[in-house]
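This report describes one protein chain, from its overall make-up down to single residues. The sequence and the structure come first.

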Amino acid sequence: MTMESTVSTALSMPIHSSVLWLIPFLPLFGAILNGATGRRARNPKLVDAIALGSMALSFLLVLCCFAQLLGQAPENRSVNQTLWSWFELGGAKVLGGVTQNTMAWAYKFDPLSGAMALLVTGVGFLIHLFSTGYMAEERNDGTYYRFMAYLNLFVFSMLNLVLGANMIIMFLGWEGVGLCSYLLIGFYFEREYAAIAGKKAFVTNRIGDFGFLIGFFLIFMIFGATDFDTLMGMTRGILAMPQITLFGITHAPTWWFNLIGCCLFVGACGKSAQIPLYVWLPDAMAGPTPVSALIHAATMVTSGLYMITRMNFIYINAPVALSLVLFIGALTAIVAASMGLAQYDIKKVLAYSTVSQLGFMFMGMGAGAFSAGMFHVFTHAFFKAALFLGSGSVIMACHHEQDMRNMGGLRKHMPWTFASMGIATLAIAGIFPFSGFFSKDEILWKVFEGWYSGGSTLSLLAWIMGMLAAFMTAFYMVRLMVMTFYGDYRGAGHADPYGLTVPSEVVHHAAPDDGHGHDAHGHDAHGHGHAHVPTEVPWNMWLPVAILAGLALIGGFLNIPHSLHWIGSSHFSEWISPLLFQTGAHHAHEGAPAIEYILMGVATLVWAPGAMLLAWVFYAQDPSWARPKAFVKRFPELFEWVNAKYYVDEFYEAAFIGPCKQLGAQLWAFDSLAVDGMVNGAARFTLIISHACHWFDANIVDGLVNLVAWILQQISLGFRKFQSGRVQNYAFVKFLA
Amino acid sequence: MPSMNAVLFISFLLFSVGVAGVLIRRNVLIILMCVELMLNAANLNLIAFARHSGTVAGQAFALLVMGLAAAEVTIGLALVVALYRKKDTIQVDQINLLKG
């Protein structure tokens, strides 16, 4: 009774917007504190306390704000805090005349950004916790504080991105996460591949940011504002205009909205790893595994999705841009999923899986179902973070081995990790009632509906591609699980009856027993790293994975599809619906639940289990993997083609990077020959002129002067004779006179 | 009583010897002596003309000149001593500071 009344009092209280700024700034303070003083901290536990403490406080604050938001009426669920006005943009010429715009450093906590902040801080905290175990080697060599400071800085940037109340703050976060991604991918910068991967991610993101900026500028030119609330409020007025003329081009508002949508989508492609800018994400696996989980699976890569949802008032009125999003999403989903089929590196499989799942989310956005796409962001964050962290545990237990051919049989040795990853696998495959079923099937249904009731052929095509991608997803995930956890352990020093292992590429840069961190009793008795048995990782590593797996198990019930309303309601869709632009064309949910039921049933009972069964038959039933080997033998080119990721990297190298380097070399040659030549020529010319001047001066001018002097000298020589200095001579002359 | 012309001629010869000595000789002492010769030639002239005109003014002049010459020689010899101390010589051809 007392507690209930306390809760209700807390909920009815107005939200304290004054603490909103602490949510992003606490991790920033943690980053600054750790970055500035962490090097001198003798005990890494101090670094842990600062990093995890700031994250936990931030998470609790988000929870408080979120709980208070829940207590409000749906139309009041928005809290704004303006910290200071960042800069004034006076006299910029926009469509509505000259604007006097103040760019404020402002935060906005509403259902969408609140949910994202909850995800970022919650999953972020679990990943921080995991890092304390995973980075056991770095704890002792003095680079640990750097890692933790980067992680906190990343969370700060990501919170700016999602909580920013206008596009400027969003862009600040957008660039900040790109920077942190670069720093964290290149964390092991002494290894060349990591440094190159970081550079690749940064440059690829810059290409996307170019599109994002152009879209941003166009929005500012048309609306004359950057504040999300203002933009959304103005949309109807802009749409009502018959024509919009910018830069001498006159078109209907929809045309401009399409242009903006496409430009912004280029930015989303870069950040969220869509075709053609997805190439950086698989390479980003060069970073530490917690980074892959935090940045490249759960949070940063979803910023493109978040941005599109934020900008739904643009997209919902831009049919061409939406079609582009749908098509690119479907294409990415199927292409990336097929690449994941033939990878052996456990993290690479998960990386392509991430790209593919992001494609699914974009498909949902493209179908106009922003809440479905956003919901998949959340469920994906849970199960993919669990999978990535689980893979991190596996890699650590296997002494930094990443090749799945050298694993196997870990089920017996790592029960917690196995159970968590198993749940996450079922979730990503879309088995009822795991969360992936609800989110992925919602997306596929919305896409299908686009064809079924909208008559769009593109939607049908996208739906078919999505279904194939879902099939492949279930297949490669079971393949991953079987190769890693079933059979017998094939690590160094163990029997390998089927000849499955490959020479390990692991660089043993640390002492052999460092891999296990805390559990000193593990394999130390063997005295060396060979023939050891992998053991379960410490609690601070398996616990986050287990929590995430639990969320992946139950998360789906937050958004039950309408047709399954007898299970529960679609909380999530209702939750963010106040932020979605209402087109007015409310076509009632006319049903067709029969078809939806059939599709759902097929997907979860036949389609995904079929793929899983196929993978099981291929890899688990026959431990020698004879069937996939025979398949590869039969289609060697196909396997080679897929295993090499369709040679996209090579194509980019040949088509863009090579010519760019060529152009650079040409420009350099031009610079060194023509420009430097001109400068040197000018210098040489000046030198010659000055030599001539010097000769003229020394010979002609000085010569004339000397000539006058010489003449005078010659004349005076005669007169000198008179002045003998002898008084007698002078006296003689005087006598003569 | 020698004739006026003879006296004037002797005086002329004395003066000429003095001038030639001043102009030709290198030794400062000799030059000083020659200057004395020229003064005495002038004295002779003064006395001759005084006698011829029958007045004593000329003779008084001659006495004055003698006194003057004595003073002049004193200063001259002092200069010679100073010169010798400075230049270690009394040969005038070696004293040519004014040579251009």
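Domain bounds, as used here, come from an automatic or database domain assignment. On that basis chain A has domain 1 (333-502 + 533-581 + 592-635) and domain 2 (648-736). The C-alpha centres of domain 1 of chain A and domain 2 of chain A are 80 Å apart. The model is predicted.

**Overall make-up**

Chain A contains 28 helices and 4 strands. Of its 737 residues, 48% count as buried. Among the contacts in chain A with a separation of 6 or more, 79% are between residues 24 or more positions apart.

| Element | Residues |
|---|---|
| Strand E1 | residues 79-94 |
| Strand E2 | residues 97-109 |
| Helix H5 | residues 136-140 |
| Helix H13 | residues 303-310 |
| Helix H17 | residues 370-397 |

**The hairpin**

In chain A, strands E1 and E2 pair in the antiparallel sense over 13 bridges. E1(A) and E2(A) form a hairpin, with 2 residues between them. Within this pairing, A:Ala92 stands opposite A:Thr99 in E2(A).

**The nonpolar core**

The largest nonpolar core has 221 residues, of which A:Phe154, A:Ala385, A:Ala386, A:Leu548 and A:Ala552 touch the most other members. Helix H17 of chain A supplies the largest share of this core, 18 residues. In general, nonpolar side chains of soluble globular proteins tend to be buried together.

**Helix H13**

Helix H13 of chain A is mostly covered, with 8 of its 8 residues buried. The buried residues of H13(A) include A:Ser303, A:Gly304, A:Thr309 and A:Arg310. A:Leu305, A:Tyr306, A:Met307 and A:Ile308 are buried in H13(A) as well.

**A:Glu138**

A:Glu138 lies in helix H5 of chain A. Why does A:Glu138 count as buried? A residue is buried if 20 or more other C-beta atoms lie within 10 Å of its own. A:Glu138 is buried because 21 other C-beta atoms are within 10 Å.

Leaving aside neighbours within four places in sequence, A:Glu138 is in contact with A:Thr143, A:Tyr144 and A:Phe147. A:Glu138 and A:Ile395 are 257 residues apart in sequence, and their C-alpha atoms are 16 Å apart in space.

Technical notes:
Residues are numbered from 1 along each chain as its sequence is written. Chains are lettered from A and ligands numbered from 1 in the order in which they are written. This is a predicted model: local features need pLDDT of at least 70, side-chain atom pairs count only at pLDDT 80 or more; totals for chains, interfaces and linings use all residues. A residue is buried if 20 or more other C-beta atoms lie within 10 Å of its own, exposed if 12 or fewer, and partly exposed in between; C-beta atoms are placed from the backbone. Two residues are in contact if their C-beta atoms, placed from the backbone, lie within 7 Å. A nonpolar core is a set of buried Ala, Val, Leu, Ile, Met, Phe, Trp, Tyr and Cys residues joined through C-beta atoms within 7 Å. Two strands pair if DSSP finds at least two bridges between them.
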